Amino acid sequence: MLTRPSTATWLLLAPGLGLLLAFVVTPVLLTAWISLNEWSMYTPLSGMTYVGLKNYLSLFGDRVFNAALRNTLAYAGLCLVLILPLSFLLGQFLYRGLARGRAALRSVLFVPYMIPTIAVAIIWSYLYSPLYGPLNQVLGAFGLPRQAWLGSVDTALVSLVIFNVWQTIGYYTVLVIAGLTQIPDVYYEAALIDGANALQRTRYVTLPLMRRTLLFVVVIALINTVQVFEPVYVLTQGGPANATNVLSFQVYRTAFEFGQAGRASAMAFVLFLVLVAAVGAVMRLLRGSPEGGP
Amino acid sequence: MTAARGRGRVATGALSAALALAIAAVMLFPLFWMLASSLKTPQELQASPPVWLPAAPSLDAYRQAFSVVDYGRAFVNSLIIAGGTTAGILLTSLMAGYVFAKHRFRGKALLFNLVLATMFLPPIVTLVPLFKVIEALGLVDTYLGAMLPYLANAFGIFLMRQFIAGIPDELLESARIDGASEWTILWRIVTPLLGPAVASLLVFAFVYHWNSFLWPLTVLQSERMHTVVLALNRLVSYTSAIRFQNVVMAGAAVAVLPSVLIFLLLQRFFITGVATTGVKG
């Protein structure tokens, strides 16, 4: 039986919850408050002047901010569109398709996830090098046109998407495999007896039973990609011509380089709202269907 | 019929082996390129089309990387910060996770959901006030300043709660009848039963904080406080020209190696950690 609350309950909770209160909850509330003020990072808090929603309203007409918002959504959307089917297919392949070397391939897939993101960004920036990198050489060997990769407005953001997918796909694949192991074999046996082919088994057995796992993959991928910062900071500084400027980077620059903490906080809050709205929409979309998950 | 099916199976087997190899090649190629480039000469780096393998592999670039930035010092800094943060996370997660799993009080579900909600928060949202708080405490450019905001996290509390919930209540009940305090029960009975779960939290927290960038970048301002990841960032900003690619790649290899080694040695704990959070969400 569970124990009733006692002094021990609160003493054991105090360190963890106290730290979260001090270093997560309080700063969020402070960000909300700062976003309603005009304040330079380099002056004391007492130098703040209350300006209401001015910081938010001024963001509407800010071209750089709008580009950052668009790029963030495009980056997250593109990552998601690649990660969801790829992790599902890789998970299926590792769990059912591959006879030998499953564990080895799973490790190989997972390794990039362990590497510091800035190292990943640096390695890929050399792979992308138009003249000295191997990627254009490989494209050339297949008769495909060479790309400018990070150097062109058209391909820079996609280049960042590609190595994010490379880095994180193993993590999502492991999530998918964990979900697949939860599906009892009897369902597949029953479907086989009913004469369902592989495609039908995936459509009518695997996908409905994987709804919770796939929802989890989407939510985690959204959280991770909406806050992309390191590759932009290390490689592109938002360029060329704002093509890779994203919200996190714009917030950082506005606060720590331009000193406009109020404005930066308003941007940060918009980022947070975008994430909450996106996660909410996904939850409704995937939870709303009548079949219901396990 | 059977022969045909047998041949079909062999073909499928060969096909899936080929696919597996292709996937492995895509995943490993960037790491191969990093290592190969770190051993090349400046001439080889400036060849177009690129040279894939160095003719005479040289460790010169590693010597140069170590002379440009103080990697030794950076390693110690990373060890202290990642190690200290991990220890804090382990303590706070076990304590709070135990209460959320085995104690009963009004508003527990709400409180737990609030804790989980903090996982959704992008770190950039709290960065400005967090920096001001740490500045006000006089902790800018200190180890404690780098660690303090991250000594508790929702993921750790969640992970520990999931595993502790699986421990039978009778075990705790009999200890209570014997007069054991909650503190004793947590450390003497619960924690020893959590071996793999604790290990997976340890390795995850350590690698996560070894790799972390945004907060250290903001709070650790002098070079002598820089972590390995910040040192790598500095190396790139000094030497990004293509003929120095070997130096940067050597620096990247040094930054990558510890995480990869920890993973390869302890991978079953990583997989357990990921799988648990995914399945029981």
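Two residues count as in contact here if their C-beta atoms, placed from the backbone, lie within 7 Å. This is a predicted model, with local features needing pLDDT of at least 70 and side-chain atom pairs counting only at pLDDT 80 or more, while totals for chains, interfaces and linings use all residues. Residues are numbered from 1 along each chain as its sequence is written, and chains are lettered from A in the order in which they are written.

Let's start where the chains meet. The contact draws 77 residues from chain A and 76 residues from chain B. On the chain A side, the largest share, 16 residues, belongs to helix α1 (residues 7-34) of chain A; helices are DSSP runs of H or I, at least four residues, numbered from the N terminus. That side of chain A has 57 nonpolar, 17 polar and three charged residues, where Ala, Val, Leu, Ile, Met, Phe, Trp, Tyr, Cys and Pro count as nonpolar, Asp, Glu, Lys and Arg as charged, and the others, Gly among them, as polar.

Now for a helix pair inside chain A. The axes of helix α7 (residues 156-181) of chain A and helix α10 (residues 211-226) of chain A come within 10 Å and cross at roughly 155°. That crossing makes α7(A) roughly antiparallel to α10(A) (angles over 145 degrees count as such; axes are lines fitted to C-alpha atoms over the stretch in contact, and angles run from 0 to 180 degrees between N-to-C directions). Residues making this contact include A:N164 and A:Y172 of α7(A) and A:F216 and A:N224 of α10(A).

Chain B, finally, has 14 helices and zero strands. Its C-alpha trace spans about 75 × 75 × 30 Å along the principal axes of chain B.

Terms used: Helices (H or I, at least four residues) and strands (E, at least two) are DSSP runs, numbered from the N terminus. Angles under 35 degrees count as roughly parallel, over 145 as roughly antiparallel, 65 to 115 as roughly perpendicular and the rest as oblique.
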